[in-house]
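Thank you all for coming; I would like to walk you through one model this morning, going from strand pairing to helices and then to aromatic rings. Please have the sequence and the structure open as I speak.

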Amino acid sequence: MDLLPRSPGEFGSSRYWDRFFRQRGQRPFEWYGAFPELCPVLHKYVRPRDKVLVVGCGNSELSEQMYDMGVCEDIINIDISDAVIRQMQERSGSKRPKMSYLLMDVLQMDFPDAHFQVVLDKGTLDAILTDEEEATLAKVDKMFAEISRVLQVGGRYLCVSLAQAHVLKKAVEYFSQEGWVVRVHQVAGSGDKQQFVLPVFVYVMTKFRKIPGSAPQILEICPEEQDKPMRVESTERLVAAVKDRQHYALICSQLSKTPCGEQVSLDLCDKESRRPRYTLHVVDSPSAKPSRDNRFAIFIIPQGRETEWLFGTEEGRSQLAASAGFGRLVTVSLHREQHYEGMAGIQAELSGKVMELAPPGLPARQQV
């Protein structure tokens, strides 16, 4: 079945999407980010009484799930595909009387100014902003201007995205220059069911009136749901912070699928100072005979000994891993300028992160 466009530009074509949804039939197509992963962010920024516009809705179940789970009910969904709008009207019309589906282009919407409190976009910006050609950027400017027009002051544009650098940079620059507050959330992964290796992000753009000479732009990132937002000083720094998280996700994905032929090293940084707090080296030992109890181990190097040959060189770490007899050993170096609250505190800080580096096939709840 030919469901992929011949060129990225076809993502903006109603003809392509009509053909796509006719061939796909009734099966929902989740571009990325299903309701369970997006739910914490939606509950944070969408109130039950908000009037919500979903742009480029496709036949995703997200609006239906928001309606059924009580996130909100006053939802208007738009799409350029006549086929999918008719399909969704049939699927949802009688069950969800307060929700509607309209054939409409996000570049030219038939809504009055300041009509919505929330505009929700799951993958539509990513589908339109496929390159940095002048025509594409002009189309995106038109989309952003329309979203800005239909949003009330204080309203929020929630954009679910894979955060490719050019997409994130364009969105952040446009809305921060308009005086909006920009916050980027990393969405919690969906484990083995996750469709994409790269993490999903939600840009939260809150509309404020543009006042000449007002305070500098406010740019923030929330790497984890429970974290406080971290302020960053520039668009470049925000893009770099997202890239760091994408790079980490790629490393974890690679390590979870195959043994690594070479040692992999990465720094875990302090959230406040952004300085390295732990340096991790992942060492696989092909010679280790696999058993239930020797799959994975963490070795925390005593502070001050990280430069010794056994811990500070590849050869030394390989010897340590081989003598320990584990299939995968992660060594953890502590940094001299950092303060640590004893071994229990170190283990509590590290437990979530080191388990993301577990070898392929490690049983759930395996003692490490």
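**Strands, helices and rings in a predicted model**

Let me begin with strands S6 and S7, which pair in the antiparallel sense over six bridges, where two strands are said to pair if DSSP finds at least two bridges between them. Residues are numbered from 1 along each chain as its sequence is written, and side-chain values use heavy atoms, with hydrogens and water left out.

Five of the six residues of S6 are buried, buried meaning under 20% relative accessible area with a 1.4 Å probe, protein chains only, while exposed means over 50% and partly exposed is in between.

For the chain as a whole, there are eleven helices and 13 strands, taken as DSSP runs numbered from the N terminus, with helices (H or I) of at least four residues and strands (E) of at least two. Of the 368 residues, 49% count as buried. Among contacts (heavy atoms within 4.5 Å) with a separation of 6 or more, residues 24 or more positions apart account for 72%.

Next, the helices. In H2, residues 35-45, the buried residues are Phe35, Glu37, Leu38, Cys39, Val41, Leu42 and Tyr45, and what covers them includes helix H3, along with strands S4, S5, S6 and S7. An α-helix has 3.6 residues a turn, so residues three or four places apart point the same way. Helix H6, residues 134-150, has 17 residues and reaches 25 Å from its first C-alpha to its last, close to the 24 Å expected, the expected span being 1.5 Å times one less than the number of residues. Its buried residues include Val140, Met143, Phe144 and Ile147, and their cover includes strands S1, S4 and S5 and helices H5 and H7.

That brings me to the rings, and which residues do ring pairs link into a cluster? They are Phe144, Tyr157, Tyr174, Phe175 and Trp180, where rings of Phe, Tyr and Trp (its six-membered ring) pair if their centres lie within 6.5 Å, and planes under 30 degrees apart count as stacked, over 60 as edge-to-face and the rest as tilted. The structure holds nine aromatic pairs. One of them is the tilted pair of Tyr157 and Phe175, at 5.6 Å centre to centre with 55° between the planes. Tyr157 lies in strand S5 and Phe175 in helix H7, residues 165-177, so the pair ties together parts that are 18 residues apart in sequence. Phe175 also forms a tilted pair with Trp180, at 4.6 Å centre to centre and 45° between the planes, and both Phe175 and Trp180 are buried.

Finally, there is an open sheet of four strands in the order S10-S11-S13-S12, with mixed pairing. Its edge strands are S10 (264-269) and S12 (296-300), each of which pairs on one side only. S10 and S11 pair in the antiparallel sense over six bridges, and the bridge partner of Asp267 in S11 is Thr279.

Definitions and conventions:
This is a predicted model: local features need pLDDT of at least 70, side-chain atom pairs count only at pLDDT 80 or more; totals for chains, interfaces and linings use all residues.
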